[in-house]
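Subject: A structure for you to explore

Hello,

Here is the structure I promised to pass on. Please open it next to this email and look up each spot as you read.

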Amino acid sequence: MEVNPLAVILVYFDSKGDRLLYRYPYQPLGQTLKLEEPHEEQSNKKRNPFAVANTDDLLQTPTHQNPSQGQGQLQGFADDVLSALFAVKPQLCNQKFELKLNDVRFVSHPTLISVVPAATPNPASNQTTSSGTASTVAVVKKQQMLINIVFALHAQASYSIVKCYHELSKRLGLALKFEEQRSGYLTEQTAYMARTHDEQQQQPLEKIFELIAERCSLAQALKSICNDLCTTGLLSTTLNQNLTLTFCLPAKAHQLHKKGSMVDPETIDRCLRALKPYHGMLLLVDFAELLDCVPPTGARMLWQLVDAYNPLISLQSMASNADLSIEHVYKLVSHLVYWAKATIIYPLCETNVYVIAPDAPLHTKSHLVEKFSTRFAGMSLFEVISDFSLPTSIGHLTTPLQQPARQGILAQMVLWMLQHHLLMQLHTYVQFMPSDDDEFGDSASCTHTQMPGSCDNLTEEEQDDPQHGGGSMLSMSSQPLPMPVNNHRRPLTEDHDSLASDNIAVQPSSSHKSNFSMTASLSTDNCDSLDSMEDEQKLKELLQVFNDADRAAIRRIPASLNVDDLSLLVKLYQMGYFKSEHHLEEIMYFENLRRSQLLQLLDKFRDVLIIYETEDPAIASMYNNK
């Protein structure tokens, strides 16, 4: 695995010269012999005459044993050579140092530390002047020493992994510099290591490193760091019993929850930049393990968030319950996600749609099967997860007659499967895609604009003819807005004939009662006609947002004649929500809409709005990289 370090090396340089003080892991005694013995035995074995010759595939790169690497350890480099390479000049200090030799890449951050030794009294200063104002003169010489903590990596390690190890080397250098200026910790530890090398010159180098690890706390810290990086990728080390250093290697840490996933810090950053207040958080570890990823100074705010933690509510609700600002919650959640202690989800509710993850480890010998049975007694993982073979919402798996305890167990099982990345959530996205069929586009556009009573769509002769409603408010208001049915309409002449017949049917009579009824009808129709004209004008203004082809496609939809529906459609279209970039939950949050309102709108304009379900790309990108 290219994530694990091959070795960690400590190089020290001062006025006395450079020296490699410590290296871990060191090659145990007899390992070289054990590695060579199987090769010798294999060469002495008698060849089977019936064996089939193995021909190499010329299209594949032949695999060979790296001479610089043996069983994941650094070999083939003498300590004096490494010491000379890593004791860099002052011009190369306090910056990234990277060197590739054969199949090994060395990464470090050389740190130059100024050391001021204790003041040395001058014998001549014992003579004081008669005034008594002369004091002891201290001869102080400013010295500098170089400390370089080098990590040996595989040559094919990615850029993000190299960047992480450089950051770790930099943090270690700064921590040692702080402790040196505070209490001279580095000078003391390097003196112990150098003295051990001088006293045990006759011993093998591996024995010397073992003895140094027993005597020096700095060597113990470096050994612990290397082991933690190879096992969990999470480290929390205390230097000089004073300064706590925490670090996370995401490419290694996230494999604890999903084996084989290679999560880079850049991928986590992209996910966290997409964090919204409507998102939720799901812890992947117990509460007791959360304190390992934060320094003691940040534990109080973390516990505030943990007390308000609930996977059923959003981050905004958690921030309100914890009395924290949403920015602080973002930072805490981002820290937990980076350290593989939590993941981002949408708050658990009945409308959430889940499906089995394509890379879920669901083979019969999976350790998750037994783990699930231990967590939920009497339940089978395969039986429960089979309900999500197709995209299914939680609401479809529950009934109103079901006991609340059963619903709670179902929620816990879904959360458990989300923690182990067995399920993924699907969100509904919307794409504005009007039909390209213009078979009825021109006719529909024409009939829609030629509404009864619209003088703009009539010729001059028709406007002067009273049978066509020219100047007659009654004829304009007696017909509702046209409703397209199967894109077929009666001819315009038939419409006007019906209008003329309606006008004749309501001609006033000579009776007083008929005159009163006619006057009331005229006043009511005048108000309706004004509203109809305003709605018609507003519809035209709303449709101006679309081009001609899209406008014709929308006009063929009956819901386009409703001002409220068309206004909501245009609003969401102008906000860019119909470009397959925003799911329904995001639209509901930012536009303050109910799910029922949004679903009704999508159903009314289903001829031009295409919906599909997929996972959130920002969140899914964290665990889709292998």
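Cys349 counts as partly exposed, because its relative accessibility is 28%, which falls between the 20% and 50% cut-offs. Please keep in mind that this is a predicted model, so each value here is computed from it. Cys164, by contrast, is buried, with a relative accessible area of 8%. How many disulfides does the structure hold? The count is zero. Cys164 is in no disulfide, and the nearest cysteine sulfur, which belongs to Cys248, is 8.1 Å away.

Next, the aromatic rings. The count comes to 15 aromatic pairs. In one of them, the ring centres of Tyr22 and Phe209 are 5.9 Å apart and the planes meet at 80°, so this pair is edge-to-face. Tyr22 belongs to strand β2 (residues 17–24) and Phe209 to helix α5 (residues 205–215), so the pair ties together parts that are 187 residues apart in sequence. Are these two residues buried or exposed? Tyr22 is buried, with a relative accessible area of 1%, and Phe209 is buried too, at 0%.

Another pair to look up is Tyr278 with Tyr346, which is tilted: the centres are 6.3 Å apart and there is 50° between the planes. Tyr278 lies in the loop between α8 (265–273) and β13, while Tyr346 lies in the loop between β14 (342–345) and β15 (353–356), so this pair ties together parts that are 68 residues apart in sequence. Both Tyr278 and Tyr346 are buried. Ring pairs also link these two with Tyr589 and Phe590 into a cluster. A ring can have a charge over it as well: the charged end of Arg375 sits over the ring of Phe376, 4.6 Å from the ring's centre.

Now for the largest pocket. Its volume is about 690 Å³, and 25 residues line it. Which of them lie nearest its centre? They are Leu256, His257, Lys371, Gln419 and His420. At least two lining residues come from each of β13 (280–283), α12 (367–375) and α14 (404–419), and α12 gives the largest share, three residues. Sorted by class, the lining has eleven nonpolar, eight polar and six charged residues.

A few spots in the backbone are worth a look too. Tyr24 and Pro25 are joined by a cis peptide bond, with omega about 0°. Pro25 is placed in the loop between β2 and α1 (31–44).

Two residues other than glycine have a positive phi. For Asp323, phi is near 55°; this residue is in the loop between α10 (315–321) and α11 (326–338), and it counts as exposed because its relative accessibility is 68%, over the 50% cut-off. For Ala340, phi is near 60°. Ala340 is found in the loop between α11 and β14, and it counts as buried because its relative accessibility is 2%, under the 20% cut-off.

One last stop is Asn562, in the loop between α20 (548–555) and α21 (563–574). Asn562 counts as partly exposed, at 34% relative accessibility.

Enjoy looking around, and write back with any questions!

Best wishes

Notes
Residues numbered from 1 in each chain as written. Predicted model: local features only at pLDDT ≥ 70, side-chain atom pairs only at ≥ 80, totals over all residues. Heavy atoms only, no water. 1 Å grid on protein atoms, 1.4 Å probe; cavity = no way out; pocket = protein on both sides within 12 Å on 5 of 7 lines; lining within 4 Å. Points joined across faces, edges and corners; volume = space filled by probe spheres on them. Helix = DSSP H or I, 4+ residues; strand = E, 2+ residues; numbered from the N terminus. Nonpolar A, V, L, I, M, F, W, Y, C, P; charged D, E, K, R; others polar. Phe/Tyr/Trp six-rings, centres within 6.5 Å; stacked < 30°, edge-to-face > 60°. Buried < 20%, exposed > 50% of the residue type's maximum accessible area, 1.4 Å probe, protein only. Lys NZ or Arg CZ within 6 Å of the ring centre and 35° of its normal. Disulfide = S-S within 2.5 Å.
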